[in-house]
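Reader: I have a model open and want to go through it with you. Can you take my questions one by one?

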Amino acid sequence: MNHASSTTLPVTQALGRFVSTFQWSEASPKVKSLMPVLMIDFFRALSAGQDRSWTNAVTQLYQSHVSNREASILYAGTQVDVARAAFINGVAAGSLDWDDSHVAAIIHPGVVIWPAALAMAEIVKCTGEELLTAVLVGYESAIRIGMSIQPEHSLRGFQGTPTCGVFGAAAACARLLKLSPEGCSNALGIAATFSCGLSQFFVSGSDIKRFHAGKAAANGVEAALLAHAGLTGPHDAIEGTQGFARAFSDRFDPKVCIENLGSAFPTEWVSLKPHVGSVRMQAAIEAANYLSKSGVRAQDIESITIGVHGAMMSKLASNNPIDIQQAQLSTPFAVAMAFVMAPSKPSPLALSVDDYESALNMDSVWNLCRRTSCVVDQEVEQQTTTESVAGRVTVHLHDGRNQEYFEISPKGCPQNPMTTAEVAERFLALSAQMLGETECKAWLEEAFRIERLKDLNPLFALRK
């Protein structure tokens with residue numbers, strides 16, 4: 001079915017119609033096989049964020065509220081109301097920069113959409129296929145809206161994960177609530193006015209980014225519930241003269257939102273990240289790891305030059321991060337970590353948030369980081385696509401020699417994807433110690449066959 005058969009339809013209404021009427025049978029085989037993988041990767045990211053101070057803080061805050069306890073705090077075995085469950089689970093999963101990413105849309109869709117959809121699914125008692133369909137229309141909505149306004153949206157100081165992710169969360173929840181096309185459009189219209197998320201944390205640090213995804217997930221839940229209650233949003237909330245796109249960006253291409261809607265799936269371009277940090281940093285980390293494994297030792301390096309895309313210079317190029325949040329978004333710091341830590345780590349290298357916490361106390365990492373600089377690299381810009389970001393690392397050695405490696409397609413991007421086995425191994429590596437290997441392997445079996453599940457209770461069975 002062509003869900004945007006009339007391009008004269010306003011974007012908000014066309015997306016609402018798609019959200020309401022799209023059928024799982026219409027999804028491509030590639031995207032069908034990808035959705036369970038994205039769910040497993042979300043749970044992996046969630047497990048990594050379980051016992052962090054910020055996750056514990058919001059959990060304690062919302063557990064103390066008197067509210068309907070009907071949706072699960074994942075892994076915790078306790079329940080809160082549906083919006084707060086989405087908030088807490090989104091904070092846990094989205095706070096470590098180890099989540100799925102879409103390069104062209106400049107968002108992390110999964111950590112907004114899965115928390116909202118899982119919380120709502122627990123309320124409506126849907127099937128696995130219904131959950132996957134809802135999440136897919138959520139991904140498509142958020143990604144397409146993001147692609148229509150980026151990169152100008154980010155350059156103005158907004159973070160796309162919460163600002164565009166809220167549309168995905170609202171779409172997924174509206175679908176699970178079985179809203180009509182008009183109801184789904186209202187959910188998107190309400191989500192537009194709930195959209196928020198600034199990028200000042202790149203400059204000044206703070207904990208703000210750690211709960212952006214959770215807040216967007218909760219806002220999406222509430223937008224769908226308000227639409228379900230009969231409240232309306234502007235019918236042109238996304239594309240209107242004072243709507244979301246024109247308020248939040250200096251560029252808007254409405255065709256990106258609705259062209260080939262339901263037949264082409266930009267969700268297929270989602271990347272998974274081997275390392276904590278921006279998806280745009282992954283190539284540089286992989287290049288540093290390659291040079292390290294080739295024999296370049298940190299103590300032999302005089303300085304490092306990282307060739308990057310120009311879009312990284314304003315937010316990801318600092319070699320003097322002021323806190324762990326900024327360190328996770330510093331390409332020089334991550335590259336220095338890779339050279340210092342890779343020799344003692346098993347392959348494949350996977351830099352975790354615990355590695356960043358350790359590195360903040362390592363003089364060897366700081367010294368190398370401050371001797372590392374980013375420069376705009378023309379070949380990197382030429383090789384960067386809407387699906388992946390290339391990177392070059394050149395090491396200048398004390399003996400006068402230079403060595404470099406150019407990474408075009410880092411592990412996890414669509415051109416060099418992780419296998420399902422690798423995704424399962426990553427989940428087990430993080431979760432088994434906390435939850436038990438037997439329990440985690442049993443959960444994985446259910447997760448991989450989610451399309452056939454009639455009852456989603458197995459997805460909520462893992463407990464600390």
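Reader: Where does Pro348 lie?
Author: Pro348 lies in the loop between α16 (331-341) and α17. Helices (H or I, at least four residues) and strands (E, at least two) are DSSP runs, numbered from the N terminus. This is a predicted model, where local features need pLDDT of at least 70, side-chain atom pairs count only at pLDDT 80 or more, and totals for chains, interfaces and linings use all residues. Residues are numbered from 1 along each chain as its sequence is written, and side-chain values use heavy atoms, with hydrogens and water left out.

Reader: Which residue does a cis peptide bond join to Pro348?
Author: Ser347, with omega at about -5°. Another cis bond runs from Gln150 to Pro151, with omega near 5°. Pro151 sits in the loop between α6 and α7 (152-155).

Reader: What do most peptide bonds look like?
Author: Most are trans, and most residues other than glycine have a negative phi.

Reader: Is Tyr75 buried or exposed? And is Lys125 buried or exposed?
Author: Tyr75 has 2% relative accessibility, so it counts as buried. Lys125 has 64%, so it counts as exposed. The cut-offs: buried is under 20% relative accessible area, exposed is over 50%, and partly exposed is in between (1.4 Å probe, protein chains only).

Reader: Back to Pro348. What lines the largest pocket?
Author: The lining has 30 residues, and Trp98, Pro348, Ala350, Arg426 and Ala429 lie nearest the pocket's centre. Elements that give two or more residues to that lining are α2 (29-48), α14 (282-293), α17 (353-359) and α20 (420-435). The largest share, seven residues, comes from α20.

Reader: What volume does the largest pocket have? And how is a pocket defined?
Author: About 830 Å³. The search uses a 1 Å grid over the protein atoms alone. A pocket is an open set of points where a 1.4 Å probe fits, with protein on both sides within 12 Å along at least five of seven lines. Lining residues have an atom within 4 Å of a point. Grid points are joined across faces, edges and corners, and the volume is the space filled by probe spheres set on the points.

Reader: Helix α6 next. How many residues does it have?
Author: Helix α6 (residues 128-149) has 22 residues. From first C-alpha to last it reaches 32 Å, close to the 32 Å expected at 1.5 Å a residue. That expected span is 1.5 Å times one less than the number of residues.

Reader: Why call α6 largely enclosed?
Author: Because 20 of its 22 residues are buried.

Reader: What about α1? Which elements do its buried residues pack against?
Author: They pack against α6, α8 (160-176), α9 (181-194) and α13 (254-258). Eight of the 11 residues of α1 (residues 11-21) are buried, so this helix is also largely enclosed by the rest of the structure. Among the buried ones are Val11, Leu15 and Phe18.

Reader: Which residue of α8 can you describe?
Author: Ala170 is in helix α8. Ala170 is buried, with a relative accessible area of 0%. Leaving aside neighbours within four places in sequence, Ala170 is in contact (heavy atoms within 4.5 Å) with Ala187, Ala191, Gly220, Ala223 and Ala224.

Reader: And the largest nonpolar core: which residues touch the most other members?
Author: Met35, Phe43, Trp114, Leu131, Phe339, Tyr356 and Val393, out of 166 residues. Such a core is a set of buried Ala, Val, Leu, Ile, Met, Phe, Trp, Tyr and Cys residues joined through side-chain atoms within 4.5 Å. Not counting residues up to four places away, Met35 touches Trp24, Trp114, Leu132, Val135, Leu136, Tyr139 and Thr267.

Reader: Last one. Where does pLDDT stay under 50?
Author: Over residues 4-8, for which the model has five contacts beyond four places in sequence. The chain averages a pLDDT of 93, and 97% of the residues score at least 70. pLDDT is the predictor's confidence in each residue, from 0 to 100.
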